[in-house]
Amino acid sequence: MKVFLSLFLLIGTTALQAQADTTYSPPIPRMELSDLAGYYINLDWSPAQWDSLQGSLVELAFYVDEIGEPYLNYARGFESPAIFDRLVEATGRLTYFEPAKRGDSPEGGEYLFWITFPRFGEGQFQWERIYGNLPAKMNTDSLRKSFYRSRNAVFVDMNIYYSNYTGNAGTYLSGGFGLDVTIGGRWSDRIGAGVILGLEGNDRHRSFPDDPFPERDEWSSGLFAGGMLDYLLLLRDKSYLSVRPEVAYGLLNAANRIDPDDEEGWVQYRGLHTGVVIHYSFRLGKYVPNLPFSNDYTSARFNAFGLETGFRYRYYGDKAGTGGYWFIGLGWRFGRDDFRRNGTR
């Protein structure tokens, strides 16, 4: 009896396992469904093809083979054979699917997918497609087919410059190098403002009069921080030319500490920093678009090579430290331009 019972359980278990092994699971895409829909929506459709697709519900029927490669069997929801050919071509570049499985064995299977193509307003088609594959880059010609550059909205300028003091301070300080960083933006086509921070280092011809340890062979360092106005003189296809008056708080370490842990030997002047700077930037490469804020307005980022020259004057309340310098430098700009749709202000 026990032998028959064991055989019965063995046959039943084997039958259940055989039944489980025939379980079928259909093929599925490895990407999110929204990404799959966006892939087909953002193909390089011609204006005529898009006119026939927008607002339509399109059904796609894929055959997915046992290794997961998808093939487009048929598509419904449009009339043009050229659209079907475009869909077939694009499907050949798709990421492979998870293949269908019967038990643990992969096999071919069919997958159905529906896409509703959005309907855009008049003139928006091209711009939405340009922005459909961020961060795709575009040139100015592509951008200006529908938009014009309204202003240089935001900029960050970093410059290294050589300076040479004149006047009374020039009898103590010789040439040196500095670094300034300007962060600004414009609220109109030409007028803007921002903040500026600068660090400097200059060799010395001789010690300052109030240095308690004269004839030290050292250099003097400086710092200034404040604000600036920025008036755009010229805005061309790739060129930005502006003039900047500066007002800031400045300090000059005329002589360094003998011992870093105390004040001995330290001479520092503090006071008003002013300046007038001419800045020129030349945009390099292509724009990198941002998502549009509306149908009539958008923006794009860019990089630019920069040149600066000008004159800065410091009044420290001490005749020895008061003076100015001419400077010339080069640098880099990170910027953002704003664009408006043609025909709008």
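Are Tyr287 and Phe302 buried or exposed?

A: In this model, which is predicted, Tyr287 is buried and Phe302 is buried as well. A pair of aromatic rings is described by two quantities, the distance between the centres and the angle between the planes. Rings pair if their centres lie within 6.5 Å, and planes over 60 degrees apart count as edge-to-face. With this rule, the structure has a count of 19 aromatic pairs. One of them is formed by Tyr39 and Tyr40, whose ring centres are 5.2 Å apart and whose planes stand at 80 degrees, so this pair is edge-to-face. The two residues can also be described by their accessibility: Tyr39, at 22% relative accessibility, counts as partly exposed, whereas Tyr40, at 0%, counts as buried. The pair you asked about, Tyr287 and Phe302, has its ring centres 6.1 Å apart and its planes at 85 degrees, so it is edge-to-face. This pair links distant parts of the chain, with Tyr287 in strand β12 (residues 267–289) and Phe302 in strand β13 (residues 297–315), 15 residues apart.

Aromatic rings also gather in a group, for Tyr39 and Tyr40 belong with Phe62, Phe97 and Tyr111 to one aromatic cluster. Elsewhere, rings meet a charge: the charged end of Arg312 sits over the ring of Phe327, 4.3 Å from its centre, and Arg312 also lies over the face of Tyr161, at 5.3 Å from that ring's centre.

The protein has six helices and 14 strands, and strands of a sheet pair through backbone hydrogen bonds, in either the parallel or the antiparallel sense. Strand β8 (residues 173–186) is mostly covered, with 10 of its 14 residues buried.

Another set of strands can be followed in the order β1-β4-β5, where three strands form an open sheet with antiparallel pairing. β1 (24–25) and β5 (105–107) stand at its edges with a single partner strand each, so one side of each is left without a neighbour in the sheet. Two bridges pair β1 with strand β4 (residues 100–102) in the antiparallel sense, and Tyr24 stands opposite Arg102 in β4.

Finally, a few figures describe the whole protein. Of its 345 residues, 42% are buried. Among the contacts with a separation of 6 or more, 70% are between residues 24 or more positions apart. The accessible surface comes to about 18500 Å², and 60% of it belongs to carbon and sulfur atoms.

Technical notes. Residues are numbered from 1 along each chain as its sequence is written. This is a predicted model: local features need pLDDT of at least 70, side-chain atom pairs count only at pLDDT 80 or more; totals for chains, interfaces and linings use all residues. Side-chain values use heavy atoms; hydrogens and water are left out. Rings of Phe, Tyr and Trp (its six-membered ring) pair if their centres lie within 6.5 Å; planes under 30 degrees apart count as stacked, over 60 as edge-to-face and the rest as tilted. Buried means under 20% relative accessible area, exposed over 50%, partly exposed in between (1.4 Å probe, protein chains only). Helices (H or I, at least four residues) and strands (E, at least two) are DSSP runs, numbered from the N terminus. A charge sits over a ring if NZ of Lys or CZ of Arg is within 6 Å of the ring centre and within 35 degrees of the ring normal. Two strands pair if DSSP finds at least two bridges between them. Contact means heavy atoms within 4.5 Å. Accessible areas come from the Shrake-Rupley method with a 1.4 Å probe; for residues, only the protein chains shown count as cover.
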